[in-house]
Amino acid sequence: VQLAESGGGLVQAGGSLRLSCAASGGTIDDYNMGWFRRAPGKEREFVATINWNGRNTHYADSVKGRFTVSRDNAKTTAYLQMNSLKPEDTAIYFCTAGLSGWDRTIGYDYWGQGTQVTVSS
């Protein structure tokens with residue numbers, strides 16, 4: 001399975017972006033889909049995840065109430081809706097798929113190349 005993120009860009013604080021993660025070369029029906037990010041000079045950190053059937057989600061405290069993760073298995077695509085963006089959300093955002101992944105990188109088998117999100121103050 002190959003993953004490709006899109007939808008990143010430059011936005012002002014308080015704005016919104018919607019990231020997409022399109023899978024190819026296979027289905028994502030059995031996989032949990034996660035989003036992680038890496039800010040300049042920092043380690044990769046968990047953002048959000050959604051289980052294989054979309055019934056369970058989990059968010060980092062820093063994005064709870066502002067970000068929403070979703071998926072459309074028929075389109076083999078996962079999404080991350082980001083609202084009320086803050087400058088500290090600036091990072092490269094990665095999507096990932098795994099049978100047992102949740103809020104840590106362990107358990108995720110496939111990773112995208114990432115998409116840059118920049119939030120200006």
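Predicted model: local features only at pLDDT ≥ 70, side-chain atom pairs only at ≥ 80, totals over all residues.
Colleague: How do you know whether cysteine 21 is buried or exposed?

Modeller: Buried means under 20% relative accessible area. Cysteine 21 has 1%, so cysteine 21 is buried. Cysteine 95 also comes out at 1% relative accessibility and therefore counts as buried.

Colleague: Nice and clear. Why is threonine 76 called buried?

Modeller: Its relative accessibility is 18%, and the cut-off is under 20%, so threonine 76 counts as buried. You will find threonine 76 in the loop between strand 7 (67–72) and strand 8 (77–82). Its phi is near 45°, a positive value in a residue other than glycine.

Colleague: And why is serine 84 called partly exposed?

Modeller: Partly exposed covers the range between the buried cut-off, under 20%, and the exposed one, over 50%. With a relative accessible area of 41%, serine 84 falls in between, so the label is partly exposed. Serine 84 lies in the loop between strand 8 and strand 9. Its phi is positive, about 50°, although serine 84 is not a glycine.

Colleague: Let's turn to the whole chain. How many helices and strands does the protein chain have?

Modeller: There are 0 helices and 11 strands. Read from the N terminus, the elements therefore run β-β-β-β-β-β-β-β-β-β-β.

Colleague: What makes the radius of gyration of the protein chain agree with a compact globule?

Modeller: For 121 residues, a compact globule would have a radius of gyration near 14 Å, and the protein chain has 13 Å, so the two agree. Along the principal axes, the C-alpha atoms fill a box of roughly 40 × 25 × 25 Å. Buried residues account for 44% of the 121 residues.

Colleague: One last thing, on charge: where do the centres of the positive and negative sets lie?

Modeller: The centres lie 4 Å apart, for 12 positive and 11 negative side chains. The accessible surface comes to about 6,100 Å², with 46% of that belonging to carbon and sulfur atoms.

Key:
Residues numbered from 1 in each chain as written. Heavy atoms only, no water. Buried < 20%, exposed > 50% of the residue type's maximum accessible area, 1.4 Å probe, protein only. Helix = DSSP H or I, 4+ residues; strand = E, 2+ residues; numbered from the N terminus. Rg over C-alpha atoms; globule rule 2.2 N^0.38 Å. Areas by Shrake-Rupley, 256 points an atom, 1.4 Å probe, with all protein chains shown as cover. Lys, Arg positive; Asp, Glu negative; His and termini not counted. Charge placed at Lys NZ, Arg CZ, Asp CG, Glu CD.
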